[in-house]
Amino acid sequence: MEIHQIPEQLPLIKHSKDLWGSFAYSKCKDAYGYDQNGLKRYALIVQLQYDQTVTEADKELLYYLMSQEIEMHKSHPYQGFHESMDIVAYLLAKCKDVTHIPLFEQAKLSNFDAYYGFDTEYIISAGIEEAITYIEENDLCRVSSFFQDKKEELETMYTAEHMERWFQSKARNYPDNLEDESLITLIDRASDFGNMAEARKLLEKLEEQLGSDKKNYSLLYHRAKQLEEYDKALHYLTQDLPEQKDSFDKVFLWLKMAEIHLLKQDWAQAFASVKQCEPELKLFSSWRKAGLGRSLSETLLDISLKVKDSNEVLAREAYRWADQMLKSTNNYSSSVLRKAHQCAKVLKRKQDKRLYSKKVAIEARRINRMLR
């Protein structure tokens with residue numbers, strides 16, 4: 001089943017367990033959550049968020065989806081805490097069923113990020129007294145170190161008023177009506193689910209909603225870039241430039257412009273944007289020690305590598321400036337050094353090639369020592 005089929009097929013999915021397996025955790029690379037079915041399961045969970053017909057009868061499906069989210073979080077190589085698990089946990093919490101407590105405990109313990117990101121309130125979402133009674137009757141404090149550590153907190157820190165405010169906060173975060181959802185969330189989800197046409201329409205609505213307020217330029221830039229609306233992204237960066245008074249901020253903005261031009265494969269304009277930084281760099285020296293210097297060098301090396309076959313003059317000029325920057329700072333990174341070595345190689349700078357080859361090797365040894 002494809003993501004776009006889920007809304008139409010939702011009644012069938014809810015009542016056909018045979019279909020649930022297509023939403024099961026399945027380990028793979030290069031996918032949402034490193035899970036072959038992760039994005040599809042996320043889309044189903046979102047559909048259930050807005051489904052007005054969800055009832056107690058759907059607890060089994062919600063429980064199943066939650067268990068698969070836990071598996072994804074336990075196995076994710078970079079850990080993290082995904083919205084998909086929080087939404088389905090909230091849908092389960094609204095059922096106020098104490099038998100979900102062990103499942104919520106598993107979610108809390110699924111990885112480091114989830115331990116701190118997954119709300120403890122889920123444990124007592126069925127009711128504070130009811131939850132404590134269930135924990136005691138099932139002797140969970142004896143069999144679980146989590147409940148041993150949390151027993152006093154669960155008994156003393158939470159009140160009925162706190163839990164009411166918590167539920168209200170979750171209801172705002174995850175409204176049950178699509179019309180009440182924020183445009184930013186809808187844009188992000190449409191983009192996540194591969195519906196770029198819908199995401200771009202929503203971006204236009206967001207632009208109308210926010211108007212010409214300058215404080216929103218950064219937000220609109222990021223959304224335009226996310227949706228590969230590069231001309232719009234450049235527009236908002238250009239509009240934001242006069243607002244920047246600090247030289248550091250101006251250089252940072254010009255670098256963003258260069259990045260967009262690189263994405264547009266407009267190498268000359270990318271270099272022109274970096275050149276705009278030159279007078280500003282003379283006004284402060286901290287860029288040499290900050291990440292800004294590394295970003296400047298890497299952008300110039302990217303330009304040099306991209307344009308090497310079509311404009312050797314520009315490739316050499318970009319490399320020469322990057323090389324000067326690298327030699328004026330000790331803020332190296334292995335990725336930047338490898339790019340410098342690659343540039344020196346393709347531009348036949350033999351001495352530089354040897355120099356950066358040595359630096360790459362030195363940095364690799366340093367990193368290996370740190371990992372031992």
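## Starting at Arg200

Let's begin with Arg200: with a relative accessible area of 28%, Arg200 counts as partly exposed (buried is under 20%, exposed is over 50%, and partly exposed is in between, using a 1.4 Å probe and protein chains only). Keep in mind that this is a predicted model, in which local features need pLDDT of at least 70, side-chain atom pairs count only at pLDDT 80 or more, and totals for chains, interfaces and linings use all residues. Residues are numbered from 1 along each chain as its sequence is written, and side-chain values use heavy atoms, with hydrogens and water left out.

What does the side chain of Arg200 meet in a salt bridge? The partner is Glu229, and the N to O distance is 3.1 Å (a salt bridge is a side-chain nitrogen of Lys or Arg within 4 Å of a carboxyl oxygen of Asp or Glu). This pair links distant parts of the chain, 29 residues apart: Arg200 sits in helix H12, while Glu229 sits in the loop between helix H13 (217–226) and helix H14 (230–240). Helices here are DSSP runs (H or I, at least four residues), strands are E runs of at least two, and both are numbered from the N terminus. Glu229 is partly exposed too, at 24% relative accessibility.

Buried or exposed? Asp51 counts as buried because its relative accessibility is 17%, and Lys14 counts as buried with 10%.

Another salt bridge stays inside a helix. Glu71 pairs with Lys74, and their closest N and O atoms are 3.4 Å apart. Glu71 and Lys74 are three residues apart in helix H3, so about one helical turn separates them. Glu71 counts as partly exposed, at 31% relative accessibility.

## The whole protein

Now zoom out. The secondary structure comes to 21 helices and zero strands. Of the 372 residues, 46% count as buried. Along the principal axes, the C-alpha atoms fill a box of roughly 75 × 50 × 40 Å.

The protein has a radius of gyration of 26 Å, whereas a compact globule of 372 residues would have one near 21 Å (the radius is taken over C-alpha atoms, and the globule rule is 2.2 Å times the number of residues to the power 0.38).

## Far apart in sequence and space

Here are two pairs to find in the model. Ile3 and Gly291 are 288 residues apart in sequence, and their C-alpha atoms are 40 Å apart. Ile3 is placed in the segment before helix H1 (6–15). With 23% relative accessibility, Ile3 counts as partly exposed.

Glu208 is exposed, since its relative accessible area is 66%.

## Two loop residues with positive phi

Most residues other than glycine have a negative phi. Glu228 is not a glycine, but its phi is positive, at about 60 degrees. You'll find Glu228 in the loop between H13 and H14.

Gln265 has a positive phi as well, near 65 degrees. Look for Gln265 in the loop between helix H15 (247–263) and helix H16 (267–275). Gln265 is exposed, with a relative accessible area of 58%.
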